[in-house]
Amino acid sequence: MATRKTPAKPNVSAEELKTYYHDMLLIRRFEEKAGQLYGMGLIGGFCHLYIGQEAVVVGLEAAAEEGDKRVTSYRDHGHMLACGMDPNGVMAELTGREGGYSKGKGGSMHMFSKEKNFYGGHGIVGAQVPIGTGLAFADKYLGNDRVSFAYFGDGAANQGQVYESFNMASLWKLPVIFVIENNMYAMGTSQTRSTSSAEIYKRGEPYGIPGEEVDGMDVLAVKAAGEKAVAHCRAGKGPYILEVKTYRYRGHSMSDPAKYRTREEVQKMRTEKDAIEHVRDMLITGKHATEDELKEIDKTIKDIVNKSADFAKESPEPALDELWTDIYADVAPQEADA
Ligand SMILES: Cc1ncc(C[n+]2csc(CCOP(=O)(O)OP(=O)(O)O)c2C)c(N)n1
Ligand SMILES: [Mg+2]
């Protein structure tokens with residue numbers, strides 16, 4: 001894990017810091033609530049929580065602009081909230097209800113928002129990488145200056161399709177940022193047991209893709225790296241790789257007892273590296289916010305999250321005939337846009 005480079009009093013506005021604090025805390029509290037609902041049997045199937053990794057997506061969203069696109073894996077609730085999707089719709093989808101983003105038929109790993117340019121939620125490890133590359137291809141073809149973020153894990157970085165994507169993205173100078181969220185584990189396998197070369201950000205070198213390592217527990221460092229990558233892509237220079245070092249505090253999914261690492265390892269990360277506590281410290285020590293103001297933010301978030309859980313519980317299950325809808329498109333997308 002890289003050491004933190006952010007000074008105690010960085011050159012950012014109080015408002016900016018408060019926004020990051022808010023956005024990261026929203027993800028954390030939302031995920032904690034999802035974990036509770038799972039425990040109560042209200043969420044079924046798989047559920048992969050993002051707790052610990054919040055600074056990655058919040059930092060990168062701060063570097064993105066309206067119209068940029070994002071696609072990620074099954075560990076996707078944080079990405080949805082960070083790009084502005086409605087917590088009610090996300091929670092209702094988790095509980096398989098009509099009010100969910102996929103009308104309760106997709107669940108945790110299969111949500112999309114055309115409005116927010118969120119292209120999923122993908123359960124097949126690495127599958128989102130060629131999809132993100134394709135999104136960037138579309139933007140290049142259309143001649144706009146949009147950028148796509150393709151997020152994937154350290155485990156997914158060992159997939160062959162990632163390198164096919166690197167090749168095409170570099171060849172055609174596609175505006176895609178490959179974001180490797182290196183949380184040190186792929187299910188129960190640590191990176192040291194699975195990965196021959198530890199510096200994943202260097203794996204673009206044979207394709208001529210620049211890459212860098214980023215401290216993913218420091219939202220300001222992530223944002224700065226994101227801005228650099230975005231500028232590179234928007235200038236037409238092709239893809240960029242960010243290997244963001246992070247850590248997940250919970251198991252791989254809700255059914256993981258996490259026997260492959262020690263409690264002390266998790267505790268050490270939580271106490272020494274937590275991204276939310278770090279911003280909290282900056283806010284308080286830099287006198288950007290008072291304890292009372294932060295309490296107020298905490299309360300606002302608690303209300304949003306509780307409301308989303310109530311909405312999810314009250315929304316009805318999808319009607320039986322919904323089984324036969326949303327299987328094939330009625331109109332081909334090209335015709336719909338014409
Ligand atoms: C093609 C494929 N192989 C295996 C799996 C089972 N699987 C699900 S998640 C996972 C680990 C992926 O780890 P990583 O890419 O590091 O992402 P993280 O879960 O840490 O976010 C595996 C092997 C799968 N879903 N798809
Ligand atoms: Mg991983």
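Okay, helix 1 and helix 10 first: their crossing is left-handed, where left-handed says that the near helix is turned anticlockwise from the far one by less than a right angle, and right-handed says clockwise. Helices here are DSSP runs of H or I with at least four residues, strands are E runs of at least two, and both are numbered from the N terminus. This is a predicted model, by the way, where local features need pLDDT of at least 70, side-chain atom pairs count only at pLDDT 80 or more, and totals for chains, interfaces and linings use all residues. Residues are numbered from 1 along each chain as its sequence is written, while chains are lettered from A and ligands numbered from 1 in the order in which they are written.

Back to our pair. The axes of helix 1 (residues 14–39) and helix 10 (residues 275–285) come within 10 Å and cross at roughly 150°. That makes the two roughly antiparallel (over 145 degrees; under 35 is roughly parallel, 65 to 115 roughly perpendicular, the rest oblique). Axes are lines fitted to C-alpha atoms, for helices over the stretch in contact, with angles from 0 to 180 degrees between N-to-C directions.

Who touches whom? On the helix 1 side, look for Leu17, Tyr21 and Arg28, among others, and on helix 10 for residues including Ile276 and Met282. Contact is C-beta atoms, placed from the backbone, within 7 Å.

Next pair: helix 2 (residues 54–63) packs on helix 8 at about 45°, axes 7 Å apart. Helix 2 and helix 8 are therefore oblique to each other, and their crossing is right-handed. Val56 and Leu60 are among the helix 2 residues that meet helix 8, where Val222 and Gly226 are among the partners.

Five strands form an open sheet in the order 1-2-3-7-6, with parallel pairing; a pair needs at least two DSSP bridges. Strand 1 (69–71) and strand 6 (211–215) sit at the edges with a single partner each, so one side of each has no neighbour in the sheet. Val179 has Leu242 of strand 7 as its bridge partner. Helix 8 (residues 219–234) comes back here: helix 8 packs on the sheet, touching strands 3, 6 and 7, and its direction makes about 170° with that of strand 7.
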